[in-house]
Amino acid sequence: DLPEALRLAADLAEQNSHLQLVVSEQAPKVEALNRIAVAEGSLCITDAAKSLQIKRKDLLKIMQERKWIYRRTGSTHFVAYQDKIQSGVMEHKYATVERPDGTEKTTEQARITPKGLVRLADIIREVA
């Protein structure tokens with residue numbers, strides 16, 4: 001009947017108003033995350049942990065449990081899983097450094113891309 005229809009319309013209008021307020025409040029955060037996600041460059045795991053405001057060991061645990069990184073047998077370096085590299089959330093940085101004795105050595109470092117940082121922030125929020 002008419003009174004119920006009017007009450008339903010009023011309730012829907014109130015819900016719509018509330019949702020528009022939530023969207024307008026979250027818009028700056030969404031814009032910032034989108035800006036981060038398309039940025040250039042990458043972060044080492046330590047700097048990513050600082051950016052995400054968690055301990056490095058906690059980030060390492062999350063990344064290992066979620067199959068983002070692993071260590072090869074006998075190695076001290078972390079390696080990103082290939083699917084994470086292909087999806088653009090991780091990359092590897094390779095560098096040649098000179099040792100004190102004059103010989104060269106190649107080092108590698110698993111790094112988190114801005115897209116990966118956003119995805120990790122979502123994962124951390126889910127875990128917390």
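This is a predicted model: local features need pLDDT of at least 70, side-chain atom pairs count only at pLDDT 80 or more; totals for chains, interfaces and linings use all residues.

## Overall form

The protein has 5 helices and 5 strands, and from the N terminus on these elements follow the order α-β-α-α-β-β-α-β-β-α. Its C-alpha atoms fill a box of roughly 90 × 25 × 25 Å along the principal axes. The radius of gyration is 23 Å, whereas a compact globule of 128 residues would have a value near 14 Å. Buried residues make up 24% of the 128 residues, and the accessible surface comes to about 9300 Å², with 52% of that area belonging to carbon and sulfur atoms. Among contacts with a separation of 6 or more, 44% are accounted for by residues 24 or more positions apart.

## The sheet and its hairpin

An open sheet of 3 strands, with antiparallel pairing, has the order β1-β5-β4. Its edge strands are β1 (43-44) and β4, each of which pairs on one side only.

Strand β4 (residues 90-98) and strand β5 (residues 104-112) run antiparallel and are joined by 9 bridges. In this pairing M90 stands opposite I112, while K93 has Q109 of β5 as its bridge partner. The two strands form a hairpin with 5 residues between them, and G102 in the turn has a positive phi of about 95°.

| Residue | Strand | Relative accessible area |
|---|---|---|
| E108 | β5 | 18% |
| A95 | β4 | 29% |

Why does E108 count as buried? E108 counts as buried because its relative accessible area is 18%, and the cut-off for that class is under 20%. The side chain of E108 is joined to that of R72 by a polar contact of 3.2 Å. Leaving aside neighbours within four places in sequence, the residues in contact with E108 are R72, H77, H92, K93 and Y94; of the residues in this list, K93 is also the one whose bridge partner in β5 is Q109.

A95, by contrast, lies in strand β4 and is partly exposed, with a relative accessible area of 29%. With neighbours within four places in sequence again set aside, A95 is in contact with K105, T106 and T107. A95 and Q109 are 14 residues apart in sequence, and their C-alpha atoms are 8.7 Å apart in space.

Which residues of α5 are buried? They are P114, G116, L117, V118, L120, I123 and I124.

Note on methods. Residues are numbered from 1 along each chain as its sequence is written. Side-chain values use heavy atoms; hydrogens and water are left out. Two strands pair if DSSP finds at least two bridges between them. Helices (H or I, at least four residues) and strands (E, at least two) are DSSP runs, numbered from the N terminus. Buried means under 20% relative accessible area, exposed over 50%, partly exposed in between (1.4 Å probe, protein chains only). A polar contact is a pair of N or O atoms within 3.5 Å; within protein, one must be able to donate a hydrogen and the other to accept it, and residues adjacent in sequence count only if both atoms are side-chain atoms. Contact means heavy atoms within 4.5 Å. The radius of gyration is taken over C-alpha atoms; the globule rule is 2.2 Å times the number of residues to the power 0.38. Accessible areas come from the Shrake-Rupley method with a 1.4 Å probe; for residues, only the protein chains shown count as cover.
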